[in-house]
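Please look over the sequence and the structure shown below before reading on.

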Amino acid sequence: MTPRIRRNDYGVLTPPRLGAWEPALTVTVVIPAHDRQATLDLTLAALAAQSYPAELMDVIVVDDGSAVPLRLPPLAPGRTKLISSPPGGWGRAWAVQAGIDAAAGDVVFVLDADMIPHRHHVEAQLRWHHLAPYVVALGWIDFTSATGELPAPETVRTSVENGRADELFPLSALRHDWAEKIIHDHDGLRTAPNSLATRIHVGATVSYPAALLRSIGGMDTSLVLAEDTELGYRLTQAGAVYVPDPESRAWHLGLPTAMRDFAALKRYNDPYVADRVPYRRYLRTDRGRQWLVPYVDATVPAGGYEDVRATVDALLGGSLPDVRVTIPGPWESLTDGRRSPLGDPDLDLRLIRATFEHDPRVHLADAPGGTSPAPFRLMVPPGWVPGEDTVERLVAHLEEHDGGSLCVALDETADGVVVARLDRTAALSRAALVAEPGEHQDDVLDEIFGLEWTDGESWGFAPRPEVYPPRRRPPSEAERLAAQREKELALYRKRTAALRAELSQLRREAGKNGRDAARWREKAEEWRREAVRLARARERERDRTVIKRAVRRVRKLAFPDGP
């Protein structure tokens, strides 16, 4: 039975002690490299001294268009091969994907070509993969800013093999503070919310179940940077659990770009991340924008035209802007042959299609379900209208409680309870990974993430108006003038409020200036009195000096030969 991890609390797993267990899974270490021959030699030397069985580990070095083609050094693991990135692309994501495509291991272990892993680095991560097939294990990185002469590969291998890798380099004062803080503050990520755990996915040293990685399509090779952030998001949606292992230590030679020029890196990454990672809400503050990956993927099954239109209109017009709506229905059955336009049995379907087929936020699908890149999936029965902030509040509730599903009871009919439902995509994916044959999905969802029931009225759901769309008559001249007058009054009120605020500010400044002027006058008077005192003192001193000189001259005249 596949272990069931609730949210990201991997504490249900008991990893074996390093060196005291028998590995069985094969692992392919993928090393993307571009003009990194010197550091690559050290990475391979350290891999040659790993504690993980050599017969279970192979290494693929991917040369990403180096100016001087890379070569395999003499000191490397026995099952190491060098391949070149295929034509048609470039960059780290492109090179990693080439390695993934060529990998034969049960686990794909990605390691950058400027990393020096300690002896148990690979073993520490692989022990987690033996416990659950949906774990993403992450190594612990120590940075060194040493820029002098690098040690020889033989020195690196000897140090790693003897457990003295920590003596190879001076430790930099800089660390992945933000990631380590998240890990520390959430009990090693065990208590981290689903949308937060994904943030610590760093691709410099990380291992994936090969089947899980391939199920989501591997790397997004259209990205040159931010590929790790995007991959971490999709792995989360696929049901992954993140396990950072402090015993899987490695040196990073030099400081990464994020530490050397964070502002420039963020400026470059933000547009790409905003488009692909809906969790980064602070990057999606511009209303009216549309994004590659929506925050909520809503489904409204095809039904009566007015019912579907009312529900879809409300979803698209809500306070949460990045919502995409899918309307599943038998759209392929609609033909262009001759028919009675008003007596067409498929008239409602045609009207729905005519209303929404050119709206890029609406997708007409032939069947319900399917995969979605959005972190949340919402199903609303046609004819039920959510309030303006209903969807936003539902998502916020699910996020606050890190829940898996929220079922909203709308009505009770002879056929049962009418339900709207919000699901976390990651929870659905995890349930599919761990469910046993015959188990009900909701039972599994409740166990691994939590499932909650609530009523529709509390969240702003209501049946659509009897007449939809509402009939709107043109406003009368009196109504138009009244609206214009109210608009002008509102403008005058705003201007009056602004003037009052400005007047208050001027009064405060005038009062402050008056107080300052009084203080300066008082200070000037003190300085004047001090100046008079000093002048008089100088005059007295001068008088005393003159008198002394006169006395001395009189004495000389009276007593030329001395007293």
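## Loop residues with positive phi

Aspartate 35 counts as partly exposed because its relative accessibility is 42%, where buried means under 20% relative accessible area, exposed over 50% and partly exposed in between, computed with a 1.4 Å probe on the protein chains only. This is a predicted model, in which local features need pLDDT of at least 70 and side-chain atom pairs count only at pLDDT 80 or more, while totals for chains, interfaces and linings use all residues. Residues are numbered from 1 along each chain as its sequence is written, and side-chain values use heavy atoms, with hydrogens and water left out.

Aspartate 35 is found in the loop between strand 1 and helix 1 (37-47), helices (H or I, at least four residues) and strands (E, at least two) being DSSP runs numbered from the N terminus. Phi of aspartate 35 is positive, near 55°, in a residue other than glycine. Leucine 189, in the loop between helix 5 and helix 6, also has a positive phi, near 80°, but leucine 189 counts as buried, at 0% relative accessibility.

## A cis peptide bond

Tyrosine 468 and proline 469 are joined by a cis peptide bond, with omega at about -5°. Proline 469 has its place in the loop between strand 17 (462-463) and helix 16 (477-558).

In helix 5 (177-185), the residues Ala179, Ile182 and Ile183 are buried. Seen down the axis of helix 5, these buried residues fall within an arc of 95°, so they line one face of the helix; the arc is that of the directions from the helix axis to the C-beta atoms. An α-helix has 3.6 residues a turn, so residues three or four places apart point the same way. The buried residues of helix 5 pack against strand 6, helix 6 (194-197) and strand 8, contact meaning heavy atoms within 4.5 Å, whereas the face turned away from the buried side carries the exposed residues Lys181 and His184. Helix 5 is followed by aspartate 187, whose phi is positive, near 50°.

Helix 13 (residues 390-400) has Thr390, Val391, Leu394, Val395, His397 and Leu398 as its buried residues. Viewed down the axis of helix 13, they fall within an arc of 160°, so they line one face of the helix. Among the elements that cover these buried residues are helix 11 (305-316), strand 14 (405-413) and strand 15 (416-424). After helix 13 comes aspartate 402, with a positive phi near 50°.

## Nonpolar cores

A nonpolar core is a set of buried Ala, Val, Leu, Ile, Met, Phe, Trp, Tyr and Cys residues joined through side-chain atoms within 4.5 Å. The largest nonpolar core has 52 residues, of which Val108, Ile200, Tyr208, Leu235 and Tyr242 touch the most other members. Leaving aside its neighbours within four places in sequence, leucine 235 is in contact with Val136, His201, Tyr208, Leu212, Ile216, Ala240 and Tyr242. A second, separate core of 34 residues includes Val308, Val325, Ile352 and Leu422.

## The largest pocket

On a 1 Å grid over the protein atoms alone, a cavity is a set of points where a 1.4 Å probe fits but cannot get out, and a pocket is an open set with protein on both sides within 12 Å along at least five of seven lines; lining residues have an atom within 4 Å of a point. Grid points are joined across faces, edges and corners, and a volume is the space filled by probe spheres set on the points.

The largest pocket has a volume of about 1,600 Å³. It is lined by 48 residues, and the closest to its centre are Asp228, Pro256, Thr257, Ala258 and Leu265. Helix 10 gives the most to this lining, with six residues. The lining of the largest pocket divides into 24 nonpolar, 10 polar and 14 charged residues, where Ala, Val, Leu, Ile, Met, Phe, Trp, Tyr, Cys and Pro count as nonpolar, Asp, Glu, Lys and Arg as charged, and the others, Gly among them, as polar.

## Enclosed cavities

The count comes to five cavities of 30 Å³ or more, and the largest cavity has a volume of about 160 Å³. Residues that line the largest cavity include Trp140, His176, Glu180, Ile200 and Pro244. Strand 6 and helix 5 are the elements that give two or more residues to this lining, and strand 6 gives the most, with four. The lining of the largest cavity divides into eight nonpolar residues, three polar and one charged.
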